[in-house]
Amino acid sequence: MPIQTQVLIIGGGATGTGLARDLSLRGVSCLVVEKQDINAGASGGNHGLLHSGARYVAADREAAMECREEGEILKNMAPQCIENTGGLFVAVAGDDENYVARFPHMCRKCHIPCTEITPDQAREWEPCLSKDIIAAFEVEDGAIDPFMLSLDNLAHAMSLGCKVIRNARVTGFDISSQAIRRVCLTNETTGKEFHIEAEMVVNAAGAWAGTIAAMAGAEIHILYSKGSLLVTQDRLAKRVINRLRKASDADILVPGGTVSVLGTTSVRIDDPDMYRPTIEETDRMIDNATAMIPVLETTRYIRAYAGVRPLVFTGKGADGRSLSRGFSLIDHQENGVDNFVSITGGKLTTYRLMAEKTADMVCRKLGITTPCATRTTPLPASSRGHWTEPGYAPRSWIRHKADNDLILCECEMVSRQGIDQIISNMDTMRGRSMLTAMGLRSRVGKGPCQGGFCGLRITGHLYDQGHVTGNRGIRELTHFIEGRWKGFAPILWDLPLMQAELQEALYCGMLDLELQAKEQDRDQ
């Protein structure tokens, strides 16, 4: 029998989970389906920057003002997900001085607070800044934990009755009389097909929104813009630091707990499934950023990663930098499908507004008049999201330590007891790899060892507890290490190279994982 729901949401990123909460607060029954895991796309592959809007004042005033308003709302409604760091825009010798002179005026036109400070004051606040700084402005940027944000949104929605199915890929729609009657899906774990019947279907699939829309005969022109980022071993600054110039590569350094994130790039790609950071991007980012922060040339990087921006394409010849960071809400009634809408584009900072506007359209079509509540209703902190917070695991271990407890992830101080709690919070959301799912819901594997030691220890614990048997644990460990390797490969020099050689010795010398992978290929 098909699964029944009032609204089906396709996509488990920030917008999809935010929409689930918005609709649930309005009393609408909804179900989220995600082809992989929560935040598997761009929502998990970004800076973690809560924009003040100042970055867009020159090229996209509408996006700038949306970021300003939404940033203020999120600081009040979801403070557990945000570190209110503040931010700086700085120019260095050689940057466009006309752009620098116009910057405060452009911020005022967008009602974005911006205060000029002296270069000496900026360097006193952030000693990592270059001595060649010629101008500095203080703004209201912040850092946001996108994983905690989506997990908390989903937890609140689920507490109100929302359902979630992960590892479920949409394969097609049954359409008749101008409406989607059934959505066809495949369980990616078992390979079994199943169906969902919904009054309304919302396409919140991010970079894959065009693919989903095409299944209904609709067309969305999306430009896929890959952005790569680097993670430093230590936190280099207290505030978000932006380069004060027209948007370019490696303009932003964002503090994220104990590390800093440098990025990003904008590289046009043809396939949203084919992206990963490259050595060339890594070299270019470091070369560009050292003019603003010289220590970036010699710091240790522990990981590179990438995400794909779904930018709605409206003209010929436009590149990823010039397209709007605004969002597009599309009613596919104009394509002959009355109960189907798409929401795409936008930014992490504006996810709540995207969800509100989408829910407004959905409710209007369903004849529901209950207004949006997410502007004024605080987002509750949840047990599903708090393990992503830097420092939470060691605090929990000290407060609740049992005599026989052990640390399994020593970089982030996640104990055996903590691992068990993370597993219990995943309930039916474990997916194909419990180890990888655990990494998304905590800081496991995110420290300097990048899974080198914790991967082994936690896998052993999963065997001890009976969560995995036979070769399953080894397969999950291989999948987890392969994921870490994608982030290692572009930064292999100095200490990262030694770390990679140590991992190779551990996993290939002790467990023959490279041979296991070949056996799996043969089995498949």
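A polar contact is a pair of N or O atoms within 3.5 Å; within protein, one atom must be able to donate a hydrogen and the other to accept it, and residues adjacent in sequence count only if both atoms are side-chain atoms. By that rule, five residue pairs (both at pLDDT 80 or more) are in polar contact between domain 2 and domain 3. Welcome to this predicted model, where local features need pLDDT of at least 70, side-chain atom pairs count only at pLDDT 80 or more, and totals for chains, interfaces and linings use all residues. Residues are numbered from 1 along each chain as its sequence is written, and side-chain values use heavy atoms, with hydrogens and water left out.

**The domains**

- The chain is divided into domain 1 (3-42 + 147-218 + 332-366), domain 2 (82-143 + 225-307) and domain 3 (391-521), with bounds that come from an automatic or database domain assignment.
- The centres of domain 2 and domain 3, taken over C-alpha atoms, are separated by 31 Å.

**Where domain 2 meets domain 3**

- Contact (heavy atoms within 4.5 Å) involves 14 residues from domain 2 and 17 residues from domain 3.
- About 1,300 Å² is buried between domain 2 and domain 3, and carbon and sulfur atoms give 56% of that area; buried area is the accessible area (1.4 Å probe) that two parts lose on being put together, summed over both.
- R300, I302 and R303 supply 47% of the area that domain 2 buries against domain 3, more than any other three residues.
- On the side of domain 2 that touches domain 3, α7 (279-289) and β18 (301-312) each supply at least two residues; β18 gives the most, with four residues.
- Helices (H or I, at least four residues) and strands (E, at least two) are DSSP runs, numbered from the N terminus.

**Helix α9**

- Y392, A393 and S396 are buried in helix α9 (residues 392-400), where buried means under 20% relative accessible area, exposed over 50% and partly exposed in between (1.4 Å probe, protein chains only).
- These residues lie on the same side of α9 because they cover an arc of only 95° around the axis, an arc taken from the directions from the helix axis to the C-beta atoms.
- The cover over the buried residues of α9 includes β22 (414-415).

**A157 in helix α5**

- A157 lies in helix α5 (residues 146-159) and is buried, with a relative accessible area of 0%.
- Leaving aside neighbours within four places in sequence, A157 is in contact with A20, R21, S24 and C162.
- A157 and L25 are 132 residues apart in sequence and 7.6 Å apart in space, C-alpha to C-alpha.
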